[in-house]
Amino acid sequence: MNDKILVVEDETIIAMELELQLKKMGYDVVGRAGSGVVAIEKATELHPDLILMDIVMPGGMDGIGASKQIISTQNIPVIFLTAYADEEYIKRAREVGPFGYIVKPYEERELRAAIEVALYKKSKEDEITRKNAELERLSNDLNDYVHFVSHDMKAPLRHIKALSMFINEDYGDKLDEKAREYIRKIGTTCDDAETMINELLKLAKMTDTEIVREAVEVKEVVGDVKTELEFFLKEHNGRIEVMGDLPTISVHGAWMKDLYVNLITNAIKYNDNEEKVVRIGFEDRERKQAFYVADNGMGFEDKYKDEIFKPFKRLHAGKEGTGLGLTICRKVVEAHGGQIWVESELGKGSTFFFTIPR
């Protein structure tokens, strides 16, 4: 099937010559229009693959105005064929977003090349649009699935944990220590599974929720996190030090809190020192604000610095956690248009950096 072209030219003789030329090239000329208003009507009626548009035409709408409306409402590619090459026309035409601009008189090979390039470019844009739509659909389906499965998984987990508690309460005195330990492990495992489900839900929400920014004082966020983690820090002999002032930034407040909670708890969990120290600070860099969370923990080899941000990736076996914390951190930072990375040395601790664009 030949590509369909609409010719918009107010000079009848020129329009007829152009039509014959296009048919000779193998294109299907589906219609002609002599004004901007008629061009819009024809485009709506005929749905051509491409429009060849003159700029200067009679009536209240020139070719640039007509093209702007056609491109915005119907997304049909336009090539301007015009005798006008002055800066004013070119500037106005550029703002419309045409697929080509040819100054008359032109060679046939120029016209053919412009048409083929425009059609190819449009086909690639359409392909990208289709793929993006499919990716969005798959993402929505996946998020729906995560919500559905997570909801259905929580109920049986809570039921299992409740039953294990009932067994311990009603028959605990009849069980030996090994059996009671098994029951405790059932409850702990249920808690860990529910934590993982909640973190999966958090990841899904970050994917399908539009970020809402607000002015947030990072110092207050860190203070809230220290209060929330007070028992955890005491239990693990951990300490948080804030190095200097922390700025006010425009971010999603709740997500920023999640970011610090995950970075701090990771810094404490993966630390075998008697006293576990986490240092939080800020560096004002050009166009970006770089924050850091440093620890005196285990550290790791450089080859793992990208791996640790992947879901369920855990470098130290036997440590508590779901393997989703740093994935959530990456999602939070990237949702704000920033970057996150880590510098670490085995046995000498790690420093996580993240940037938030101004």
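Modeller: A residue is called buried when its relative accessible area is under 20%. In this predicted model, 41% of the 358 residues of the chain count as buried.

Colleague: Why is Phe-353 called buried?

Modeller: The relative accessibility of Phe-353 is 9%, and the cut-off for buried is under 20%. Phe-353 therefore counts as buried.

Colleague: What makes Trp-341 and Phe-353 a stacked aromatic pair?

Modeller: Two conditions apply: ring centres within 6.5 Å, and planes under 30 degrees apart. The count of aromatic pairs by this rule is seven. For Trp-341 and Phe-353 the centres are 5.4 Å apart and the angle between the planes is 15 degrees. The pair is therefore stacked. Trp-341 belongs to strand 11 (residues 340-344) and Phe-353 to strand 12 (residues 350-357), 12 residues apart.

Colleague: Which residues do ring pairs link into a cluster?

Modeller: The cluster consists of Tyr-260, Phe-282, Phe-291 and Phe-354.

Colleague: What makes the buried residues of helix 2 lie on the same side?

Modeller: The buried residues of helix 2 (residues 36-46) are Gly-36, Ala-39, Ile-40 and Ala-43. Around the axis they cover an arc of only 100 degrees, which places them on the same side of helix 2. In general, an α-helix has 3.6 residues a turn, so residues three or four places apart point the same way. The cover over the buried residues of helix 2 includes strand 1 (4-8), strand 2 (28-33), strand 3 (50-53) and helix 3 (63-74). Just after helix 2, His-47 adopts a positive phi of about 50 degrees.

Colleague: Why is the charged end of Lys-121 said to sit over the ring of Phe-99?

Modeller: The distance part of the criterion requires NZ of Lys to be within 6 Å of the ring centre. The charged end of Lys-121 is 4.9 Å from the centre of the Phe-99 ring. The criterion also asks for a position within 35 degrees of the ring normal, and Lys-121 is assigned as sitting over the ring of Phe-99.

Colleague: How is Val-103 classified, buried or partly exposed?

Modeller: Val-103, in strand 5 (residues 100-103), has 34% relative accessibility and so counts as partly exposed. Beyond four places away in sequence, Val-103 touches Thr-82, Ala-83 and Ala-85. Val-103 and Thr-82 are 21 residues apart in sequence and 5.2 Å apart in space, C-alpha to C-alpha.

Technical notes
Residues are numbered from 1 along each chain as its sequence is written. This is a predicted model: local features need pLDDT of at least 70, side-chain atom pairs count only at pLDDT 80 or more; totals for chains, interfaces and linings use all residues. Side-chain values use heavy atoms; hydrogens and water are left out. Buried means under 20% relative accessible area, exposed over 50%, partly exposed in between (1.4 Å probe, protein chains only). Helices (H or I, at least four residues) and strands (E, at least two) are DSSP runs, numbered from the N terminus. The arc is that of the directions from the helix axis to the C-beta atoms. Contact means heavy atoms within 4.5 Å. Rings of Phe, Tyr and Trp (its six-membered ring) pair if their centres lie within 6.5 Å; planes under 30 degrees apart count as stacked, over 60 as edge-to-face and the rest as tilted.
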